[in-house]
Amino acid sequence: MTITVHQFPCLSDNYGYLVRDDESGKVACIDTPDAEAIIAAAATRGWGIDLVLNTHWHPDHAGANLAIKERFGACLAGPEEVRAHYPLDHAVKDGDSVSLGETRFEVLDTGGHTLGHVCYYSAPDSTIFVGDTLFPLGCGRVFEGTPQQMWASLSRLAALPEDTVAYSAHEYTLANARFAETVDKSAVLMRRIALVEELRLQGLPTVPTTIGEEKATNPFLRAPMLSPEPDPALAFADIRARKDGFKG
Ligand code: ZN
Ligand code: FE
């Protein structure tokens, strides 16, 4: 059982994802940032869209739900919070699994950016779609939850196998790097930043990343090592607050 991931940039800094279960040919669309871009991406592959998997309710993640349902007849699945803003057929919660042909995505609650944010994980494919929870060298802003909740969510992601490939919803890495280098001077971070700069100069994506790479260099996952706060969640809150106030 394998999946094929088609990644494409859209809006100002989002990534859209179409994921095909190779066995059945069924296709899922992770979030719906931009109907036109998603429809064009499906057309280039000759794919339909059977399923939408929303990570959270924000417009750049669920805003085109209706358009994708109307165009492809896709089933709309996501956390209950989506329903207050956009159409949803099937509410998912932590511990659920969602089938796409032979592929099963486990639903992980990763609240904090929004209260109901979820990630979609396929262990056999070593693949997770992390929405706005985790970014290369960064993490989502804590809009609705608490820093403690966000830290718990990031800790769940950090507990996954290190070779897990994590697909984030935005290309924020260069800005994240500018902040990361103010709180961490490690050689491994400096090497990674040089690589990120090179990729972006060439117009190449820095997404996806891996859990192992983020554990080694992401200042939010490394917060307990970087902040004087003895409590890990408070250390995270400290680093997050510094980033929120950071003027790059
Ligand atoms: Zn968001
Ligand atoms: Fe977003």
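Task: Decide whether H58 and H113 are buried or exposed.

Solution: H58 is buried, and H113 is buried as well. Here buried means under 20% relative accessible area, exposed means over 50%, and partly exposed lies in between, using a 1.4 Å probe and protein chains only.

Before going on, note that this is a predicted model: local features need pLDDT of at least 70 and side-chain atom pairs count only at pLDDT 80 or more, while totals for chains, interfaces and linings use all residues. Residues are numbered from 1 along each chain as its sequence is written, chains are lettered from A and ligands numbered from 1 in the order in which they are written, and side-chain values use heavy atoms, leaving out hydrogens and water.

**Exercise 1: the zinc ion**

Task: Find which residues coordinate the zinc ion (ligand 1), and describe the site.

Solution: 
- Step 1. The donors come from H56 (NE2), H58 (ND1), H113 (NE2) and D132 (OD), at 2.2 to 2.3 Å. Donors are N, O and S atoms within 2.8 Å of the metal (3.2 Å for Na, K and Ca); water is not among the atoms, so sites may look incomplete.
- Step 2. Along the sequence, the donor residues follow the spacing H-x1-H-x54-H-x18-D.
- Step 3. D132 also coordinates the iron ion (ligand 2), which is 3.2 Å from the zinc ion (ligand 1).
- Step 4. Helices (H or I, at least four residues) and strands (E, at least two) are DSSP runs, numbered from the N terminus.

**Exercise 2: N218**

Task: Locate N218 and work out what its side chain reaches.

Solution: 
- Step 1. Look in the loop between α7 (211-217) and α8 (223-226) for N218.
- Step 2. N218 has a relative accessible area of 0%, so it is buried.
- Step 3. Its side chain reaches the backbone oxygen of F135 at 3.1 Å, and a polar atom of that side chain lies 2.8 Å from the backbone nitrogen of F220.

**Exercise 3: T206**

Task: Which side chains make polar contacts with the side chain of T206?

Solution: 
- Step 1. T206 sits in the loop between α6 (187-201) and β14 (209-210).
- Step 2. T206 counts as buried because its relative accessible area is 8%.
- Step 3. The side chain of T206 makes a polar contact with that of E171 (2.7 Å), and another of 2.5 Å with that of T173. A polar contact is a pair of N or O atoms within 3.5 Å; within protein, one must be able to donate a hydrogen and the other to accept it, and residues adjacent in sequence count only if both atoms are side-chain atoms.
- Step 4. V196 is ten residues from T206 in sequence, and their C-alpha atoms are 6.4 Å apart in space.

**Exercise 4: S168**

Task: Where is S168 found, and is it buried or exposed?

Solution: 
- Step 1. S168 belongs to strand β13.
- Step 2. S168 is buried, because its relative accessibility is 0%.
- Step 3. A polar atom of the S168 side chain lies 2.7 Å from the backbone oxygen of L134.
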